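Hi everyone, thanks for coming. Let me put the structure up, and then I'll walk you through a few spots in it.

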Amino acid sequence: MAASPGPAGVGGAGTFHGSSPSGFAFDSGLEIKTRSVEQTLLPLVSQITTLINHKDNTKKSDKTLQAIQRVGQAVNLAVGRFVKVGEAIANENWDLKEEINIACIEAKQAGETIAALTDITNLNHPDSDGQITIFTDKTGVIKAARLLLSSVTKVLLLADRVVIKQIITSRNKVLTTMERLEKVNSFQEFVQIFSQFGNEMVEFAHLTGDRQNDLKDEKKKAKMAAARAVLEKCTMMLLTASKTCLRHPNCESAHKNKEGVFNRMKVALDKVIEIVTDCKPNGETDVSSISIFTGIKEFKMNVEALREDLYFQSKENLSAALEVTLEHTEDFTDSAYISHKHRERILELSTQARMELQQLISVWIQAQSKKTKSIAEELELSILKITHNLDELKKELHRTATQLAADLLKRHADHVVLKALKLTGVEGNLEALAEYASKLSEQKEQLIETCRLLRHVSGTEPLEITCIHAEETFQVTGQQIISAAETLTLHPSSKIAKENLDVFCEAWESQISDMSTLLREINDVFEGRRGEKYGYLSLPKPMKNNANLKSLKPDKPDSEEQAKIAKLGLKLGLLTSDADCEIEKWEDQENEIVRYGRNMSSMAYSLYLFTRGEGPLKTSQDLIHQLEAFATEGLKLASSVQALSKQLKDDDKLMLLLEINKLIPLCHQLQTITKTPLPNKVFLKVDKCIIKARSMMAILIQLLSLCYKLLKKVESRWVSVTNKDTMDGK
């Protein structure tokens with residue numbers, strides 16, 4: 001998703017990054033070990049169930065009985081490991097010790113029972129044909145298996161409570177240290193406390209990252225990602241904002257800037273606790289209004305249900321549901337940024353929907369009293385008409401919101417206002433500051449309203465959450481940039497004030513980039529691609545007996561390795577934004593060079609998400625497959641660029657060939673690295689691959705820019721030659 005948490009350095013205090021893909025899993029608690037043992041245990045119990053699922057008079061061969069015995073022994077061993085972990089959790093959590101120990105004892109007894117009942121040494125009654133009769137106590141195994149599943153579930157639920165307790169404790173530690181940071185008066189004391197704060201944030205990141213990966217509810221997962229993204233970005237802001245306050249203690253705008261950061265972090269910390277405990281403070285409920293697309297979807301389901309049941313619901317409820325949905329379209333029609341053409345079309349379709357509903361209700365009433373074929377056909381026609389009308393309304397709303405967003409992103413891609421604010425700050429020009437602060441506020445309002453409209457057409461709950469997060473980020477960051485710029489303008493020679501403004505501007509630029517990704521994802525969902533934009537994200541299936549894949553065993557990086565991967569990933573993510581900007585310049589979006597470049601950019605973005613523990617790549621194996629596809633796409637791009645070079649003059653051709661000759665060796669090197677087994681050194685392999693991918697992306701950006709300019713040059717030369725021929729003909 002576009003607003004999910006990513007890597008960010010926190011001075012010397014560590015890196016906020018805890019949600020890691022498998023192959024880079026952090027051992028953040030005993031609960032992780034418990035899940036690992038459970039994942040081994042449950043398939044074995046399933047095998048037991050399959051093997052003993054037989055008729056009482058059937059016979060089993062020695063081979064089958066030996067298989068049963070092996071599975072029974074494996075279950076008992078796995079239970080033993082599970083119980084050890086459970087007992088360790090119990091010893092560290094006295095309030096749950098008794099409950100966990102009871103569940104562990106039950107699990108141990110069940111494991112021993114299964115091992116005993118599947119032991120072929122107890123079966124000493126062979127038949128004359130060489131086969132052995134199956135267990136006489138099949139029900140005993142089934143009971144033991146059920147007891148085992150029950151006790152394992154109990155331990156996991158209790159372990160889950162332990163993890164929630166760990167997250168709450170970690171949050172409380174962070175809050176306590178934050179309070180100390182807010183009150184600190186000396187720079188030396190601040191450095192000491194911030195170092196402790198950084199370590200606590202790393203611990204909190206690991207715990208919440210693992211929790212985010214475990215969440216099954218996509219809406220909760222998106223909320224957790226948004227909250228963690230806020231904490232990640234605010235950690236660096238807190239550092240520079242606090243240092244600015246210490247350097248300029250009497251500056252009101254500096255204090256305002258710092259307070260904004262602290263307040264936002266506290267809200268994000270509370271949001272994490274709401275998600276993990278599944279309850280809001282003071283019994284509050286979620287008051288966020290339903291989106292238009294969700295309203296239309298639910299309304300259509302209710303209308304279509306009339307085909308099966310004419311008394312499914314009341315006419316009043318159906319009318320009220322449509323009215324509520326259409327009221328939300330006022331967010332579009334009341335917007336100052338929507339064109340007159342779009343506004344009129346939305347109003348027209350809304351009016352038509354109301355009329356179609358009245359017609360449907362009229363036919364519906366007749367259908368309840370008359371059971372004729374003609375009435376049934378008329379009802380079907382009315383249902384089709386209103387659903388078609390609402391589909392047209394959806395298309396118009398989507399077109400309106402996405403076009404507005406695309407235009408806005410294009411208009412502000414150069415960040416002219418941010419650059420002007422930095423310049424006026426260094427110059428100490430208060431008059432210019434007021435002018436550009438007003439322009440940024442106007443830009444902020446446009447972005448906020450656009451996020452609000454995008455939420456209505458997002459199509460999924462996680463994307464709705466991302467839109468809300470983007471809206472909140474623009475709202476808060478816009479104000480903070482202005483206060484940071486004001487501080488710099490009042491103290492134009494202050495290096496720390498300048499650094500502080502840079503940090504907030506980077507956060508703004510990052511959110512603009514995330515919004516561009518969000519827009520692509522919304523379009524994907526609307527067009528039915530759901531994130532697989534160009535097909536290449538469908539990873540190649542792993543081949544059987546692939547030695548390279550077997551070598552990818554979990555590798556636990558230390559904090560330095562973790563920080564390095566995070567930093568490499570961040571740089572790769574920034575390069576994808578630059579590549580997308582170059583791609584948008586091309587008028588012909590179906591050009592082969594553009595297509596391969598777009599594929600490489602999106603693949604690189606998936607690699608970047610992997611370093612954050614996000615996105616479609618879940619394991620190290622997925623990563624290797626994606627890197628192989630990335631290298632292949634790079635070679636295809638090189639081939640297309642070579643074809644273009646044949647149309648160019650010698651000097652221009654040489655420029656292109658120089659860049660191609662840099663790209664092709666990198667593609668081959670990346671292919672070699674992905675195919676080279678490095679047992680127990682997954683981190684080293686990933687490190688090398690990301691570095692190669694980053695170099696390839698840098699060359700891609702150069703090639704896209706160069707090819708675009710050279711194609712323009714070729715076109716202009718062709719036009720001039722055509723014009724000359726025309727004149728000569730006359």
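Let's begin with histidine 415, which counts as buried because its relative accessibility is 15%, where buried means under 20% relative accessible area, exposed over 50% and partly exposed in between, with a 1.4 Å probe and protein chains only. Before going on, please keep in mind that this is a predicted model, in which local features need pLDDT of at least 70 and side-chain atom pairs count only at pLDDT 80 or more, while totals for chains, interfaces and linings use all residues. Residues are numbered from 1 along each chain as its sequence is written, and side-chain values use heavy atoms, with hydrogens and water left out.

Back to our histidine. Where does histidine 415 sit? Histidine 415 belongs to the loop between H12 and H13; helices here are DSSP runs of H or I with at least four residues, strands are runs of E with at least two, and both are numbered from the N terminus. The phi of histidine 415 is near 55°, a positive value in a residue other than glycine. For background, most residues other than glycine have a negative phi.

Now let's step out to the whole chain. The protein chain has 22 helices and 2 strands. Of its 730 residues, 50% count as buried. The accessible surface of the chain comes to about 35300 Å², and 53% of that belongs to carbon and sulfur atoms; these areas come from the Shrake-Rupley method with a 1.4 Å probe, and for residues only the protein chains shown count as cover. Taking contacts in the chain with a separation of 6 or more, 80% are between residues 24 or more positions apart, contact meaning heavy atoms within 4.5 Å.

Next, helix pairs. Two packed helices are described by the angle between their axes and the distance between the axes.

Helix H13 covers residues 416–427 and helix H14 covers residues 430–456; they pack at an angle of about 155° with their axes 9 Å apart. The axes are lines fitted to C-alpha atoms, for helices over the stretch in contact, and angles run from 0 to 180 degrees between N-to-C directions. H13 and H14 are therefore roughly antiparallel to each other; angles over 145 degrees get that name, those under 35 count as roughly parallel, 65 to 115 as roughly perpendicular and the rest as oblique. H13 passes H14 in a left-handed crossing, meaning that the near helix is turned anticlockwise from the far one by less than a right angle, with clockwise being right-handed. On the H13 side, the contact includes Val417, Leu418 and Leu421, and on the H14 side Tyr436, Leu440 and Gln443 are among the residues taking part. By class, this contact of H13 with H14 has 9 nonpolar residues, 2 polar and 1 charged; Ala, Val, Leu, Ile, Met, Phe, Trp, Tyr, Cys and Pro count as nonpolar, Asp, Glu, Lys and Arg as charged, and the others, Gly among them, as polar.

Let's zoom in on one residue of that contact. Valine 417, in helix H13, is buried, with a relative accessible area of 13%. Leaving aside neighbours within four places in sequence, valine 417 is in contact with Tyr436, Lys439, Leu440 and Gln443. Valine 417 and serine 438 are 21 residues apart in sequence, and 9.8 Å separates them C-alpha to C-alpha.

One last stop, in helix H7, residues 252–277, where we find lysine 258. Is lysine 258 buried or exposed? Lysine 258 is buried, with a relative accessible area of 11%. Not counting residues up to four places away in sequence, lysine 258 touches Leu181, Glu182, Ala241, Ser242 and Cys245. Its C-alpha atom is 9.3 Å from that of lysine 243, 15 residues apart along the chain.
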